[in-house]
Amino acid sequence: MRLDYLVRETGQNLVRNWLLSVATVLIVTVSLTMFGITVLLGFFGLDNAFITWNNDVSFIVYMNPDATAEQIAAIDKDLENSPQVDTVEYYDDDKTFELYQKMFQQDGPEMLTALEKGDLPTSFRVKPSNPDANVVKELANSYGPKTGVYTVDFPDEQVRQVQSAGQTIRFWLLLASVVLLAASIVLIFIAIQTAVFSRRREIEVMRLVGATNWFIRIPFLIEGLIQGLVGAILAVSSLAIIGAAWKSDGESMKGSLLARFVWTDDQQLWTFLGLLGIGAVAGALGAFISTLWYLRD
Amino acid sequence: MIKLENVKKVYKNDHVALRNANVDIQKGEFVFLVGPSGSGKSTFIRLLNREELPTEGKVWVAGKDIASIRNWQVPYLRRNIGYIFQDFKLLPNKTVEENVAFALEAIGRPRHSVKTQVPAILELVGLAHKAKNRPDELSGGEQQRVSIARAFVNRPLILLADEPTGNLDPNTTIGIMKLLDRINRTGTTVVMATHDRGIVDVMRRRVIELEGGQVVRDQARGVYE
């Protein structure tokens, strides 16, 4: 298929139904922007904000830096054998240092090189079988006086509430963006159906002169792909602006809980690439179903 | 080139459009299909282009049994067949040359081939000077010439024409028939459904008459009735 033909036919389709094209692009933009916010804030931001308290960890038993292997083993055995403990994970020197680097990666190289492996206390991260706050507190406190234990740490109630609310908001945002994305695919389907209808004379002529079905379909597929991709590009641009504004606001909110909702440049890059991919696939998918339906052999 | 063997076509509403049709058309023939409205002329033509499949019997076009070829092969069959309509079916938003070029582009012909073939065919149909005009700027006869140019630009083996002069005045009709005759002389088989008694009687070519879906007359150098 010639490129100039493809560009001309696809361009004509887009221009002829420009209002529907604009509507389609906008709904893709809105759904992907919402999806992007969910991923950046709801997943990466939330995980980064509560990096210590993820995976339902309710309290942490920090060991003394000079605790002996036997003392550590004794605490481990005690926790493992306790019927009130669901899971327990030991953070040795390597894992502790890795977590430290993750927590302070936004604070620059000085912070990351300030401490070395072995400088931080190792710890046990405990998920109790009963999440009730009083039960957890009582259980955790029972480890405070044990030999080799430096301290026992809990998340405060406010942190727990924000974390829980964050998870709920994340779920609803995700659901809303998936519904909107499905609506985008349906709208792309309708846009292509309209394009096929408005070009029915051309299609009739093409069929009669011997154009193959794929030859007829491809400009419509490209049209859907472009609508999806342009919507995704607009969503990524909006997110870049929203992200930059959020991060600069974060500077003024330093110390507050909200300032901890950050994500790395890598996470942002992969999210943006993912959104572009989803936009392109959603566009092509809507168009493919539509052409399969309305341009049958 | 074209062969119908005991062909019967029944539509979904049980209307029998063709029955027991046996026709053999050789390469390079010019054939008129005549008969009253509803006699089966359009069904005959639609079977040749594989827009319809026979309910019974066999239809061969350009050496192929149209019922046995797969759906994806149909476009390749149609590249051997040009189609001319009573209402021209030109694309109003394209110029004359774009309308003709579209037929070549739609089958993936390279640009240089389009560039040489389109002016040549417009010259043949006498419309080179109107290449940049749109269909609504042309007379009915000129529009039909564009339609013929589009159908013939790919040099098909067969040209099917369904009432091509139905919307034209007698003088314009003569011009169109001369053009079709010229195309036929290049070796292209022409099958034309018509109600136009005058042109059939003047041209004296093979006439196949249909009535109630049956071939009631097949006459070499025939007249309308």
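Predicted model: local features only at pLDDT ≥ 70, side-chain atom pairs only at ≥ 80, totals over all residues.
Two strands are taken to pair if DSSP finds at least two bridges between them.

In chain B, strand 1 covers residues 2-10, and strand 4 covers residues 56-61. These two strands run antiparallel and are joined by 5 bridges. One of the residues to look for here is B:I2, whose bridge partner in strand 4 of chain B is B:V61. In general, the strands of a sheet pair through backbone hydrogen bonds, and the pairing may be parallel or antiparallel.

Strand 1 of chain B also pairs with strand 2 of chain B, again in the antiparallel sense, over 6 bridges. Which residue of strand 2 is the bridge partner of B:V10? The partner is B:V16. Likewise, B:K9 stands opposite B:L18 of strand 2 in chain B. Strand 1 and strand 2 of chain B form a hairpin with 5 residues between the strands. In this hairpin, B:D14 takes a positive phi near 70°.

The wider arrangement can now be followed. The sheet is open, has 4 strands, and shows the order 2-1-4-5 in chain B, with antiparallel pairing. Its edge strands are strand 2 (16-25) and strand 5 (64-65) of chain B, each of which pairs on one side only. In a regular strand, the side chains alternate between the two faces of the sheet.

Two further backbone angles in chain B deserve attention. B:N20 lies in strand 2 of chain B, and B:N20 has a positive phi of about 45° although it is not a glycine. B:R221 is found in the segment after strand 10 (214-219) of chain B. The phi of B:R221 is near 45°, also a positive value in a residue other than glycine.

Chain A may be considered next. Chain A is divided into domain 1 (3-53 + 160-294) and domain 2 (58-130). Taken over C-alpha atoms, the centres of domain 1 and domain 2 of chain A are separated by 41 Å.

The two chains meet at an interface. Here 20 residues of chain A are in contact with 27 residues of chain B. The area buried between chain A and chain B is about 1900 Å², and carbon and sulfur atoms give 57% of that area. Which residues of chain A lose the most area to chain B? They are A:R2, A:L208 and A:V209, which together account for 32% of what that side buries.

Side chains of opposite charge can pair when their charged atoms come close. Between chain A and chain B there are 4 salt bridges, while the count over all chains comes to 24 salt bridges. One salt bridge is formed by the side chains of A:D4 and B:R111, at 3.9 Å from N to O. This pair crosses between chains, from A:D4 in helix 1 of chain A to B:R111 in helix 4 (residues 111-124) of chain B.

Which elements give two or more residues to the side of chain A that touches chain B? They are helix 1 (3-16) and helix 8 (200-209) of chain A. The largest share of this side, 8 residues, comes from helix 8 of chain A. By class, the side of chain A that touches chain B has 7 nonpolar, 3 polar and 10 charged residues.

Notes
Residues numbered from 1 in each chain as written. Chains lettered and ligands numbered in written order. Heavy atoms only, no water. Contact = heavy atoms within 4.5 Å. Buried area = accessible area lost by both parts, 1.4 Å probe. Nonpolar A, V, L, I, M, F, W, Y, C, P; charged D, E, K, R; others polar. Domains from an automatic or database assignment.
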